[in-house]
Amino acid sequence: MHNPQAILFDLDGTLADTAPDLAAAINAMRAQRALPPVHYLSLRPFASAGARGLLGAGFNITPDDTDYEAMRIEFLNTYESALAVHSHLFEHVTTLLHGLNQLGLCWGIVTNKAQRFTKPLISLLDLQEARCVISGDTTPHAKPHPAPLLEAARRIGVRSEHCWYIGDDLRDIQAAEAAGMTSIAAAWGYCGATEPTQWKADAIIDSPLELLELIRAKHLQVATS
């Protein structure tokens, strides 16, 4: 693990708890079809998997189904209409970001969420200090492809091996590894269908404050070596 010069974050499930509004969009669609709601805790693990994961959990539908594309568009429009009713930053994320600023570390956001959602959310969640924001449609590829992470490193002017990337999904860890970045699994997030212990991340952390302490310890180690 290199001493970090920049910290990059996933958005959904890492910096922000957006699952309540994503789940609400699924249940709004079910209500339109006179279907009972799906319990929030059944939908939450799929929040980092986007429309495909949530539609699969809410309607047992896959991209191979003939109705999938129409339902995907409906889901995205429904979500966009109520983007940040219940979404908020996870506990201690603000303290973490202030701590990074005090250490002189720049930080940015790399998400698979499309820019049409990312841009307003960044403002609504007060994350405008991010040095860069890379959305799922900023580059030709989304995570787990390394292109979005490499674009973030290019924009902030830090070599990829000196960046740490923190995310709550296996794709985040795979993207970081492919980009040559230190990978950190955010175990407080949604984490999907597999346990972070199976992802082969460079580190697994249980809270934003633990990440801050890990970074401070790495800086101290370098300063005293």
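Me: How many salt bridges does a search of the whole structure find?
Reply: Eleven. Keep in mind that the model is predicted.

Me: Start with Lys 113. Which residue does it form a salt bridge with?
Reply: Asp 12. The closest N and O atoms are 3.1 Å apart.

Me: Is Lys 113 buried or exposed?
Reply: Lys 113 counts as buried, because its relative accessibility is 10% and the cut-off for buried is under 20%.

Me: And Asp 12, buried or exposed?
Reply: Asp 12 is buried, with a relative accessible area of 7%.

Me: Next one. What does Glu 74 pair with?
Reply: Glu 74 forms a salt bridge with Arg 33. Their closest N and O atoms are 2.7 Å apart. This pair also links distant parts of the chain, 41 residues apart. Glu 74 belongs to helix α4 (residues 68-81). Arg 33 lies in the loop between α1 (19-32) and α2 (40-43).

Me: How accessible is Glu 74?
Reply: Glu 74 has 26% relative accessibility, so it counts as partly exposed. Arg 33 counts as partly exposed too, at 34%.

Me: What about Glu 213 and Arg 216?
Reply: Their side chains meet in a salt bridge, 3.0 Å from N to O.

Me: Why are they separated by about one helical turn?
Reply: Because they are three residues apart in helix α9 (residues 208-224). Glu 213 is partly exposed, at 46% relative accessibility. Arg 216 is partly exposed, with a relative accessible area of 34%.

Me: Which residues do salt bridges with shared partners join into one network?
Reply: Asp 10, Lys 143 and Asp 172.

Me: Change of topic: helix α3. Which of its residues are buried?
Reply: Helix α3 spans residues 50-59. Its buried residues are Ala 51, Gly 53, Leu 54, Leu 55, Gly 58 and Phe 59.

Me: What covers them?
Reply: The cover includes α1, α2 and α4. Glu 74, from the salt bridge with Arg 33, is in that α4.

Me: What comes just after α3?
Reply: Asn 60, which takes a positive phi of about 55 degrees.

Methods:
Residues are numbered from 1 along each chain as its sequence is written. This is a predicted model: local features need pLDDT of at least 70, side-chain atom pairs count only at pLDDT 80 or more; totals for chains, interfaces and linings use all residues. Side-chain values use heavy atoms; hydrogens and water are left out. A salt bridge is a side-chain nitrogen of Lys or Arg within 4 Å of a carboxyl oxygen of Asp or Glu. Buried means under 20% relative accessible area, exposed over 50%, partly exposed in between (1.4 Å probe, protein chains only). Helices (H or I, at least four residues) and strands (E, at least two) are DSSP runs, numbered from the N terminus. Contact means heavy atoms within 4.5 Å.
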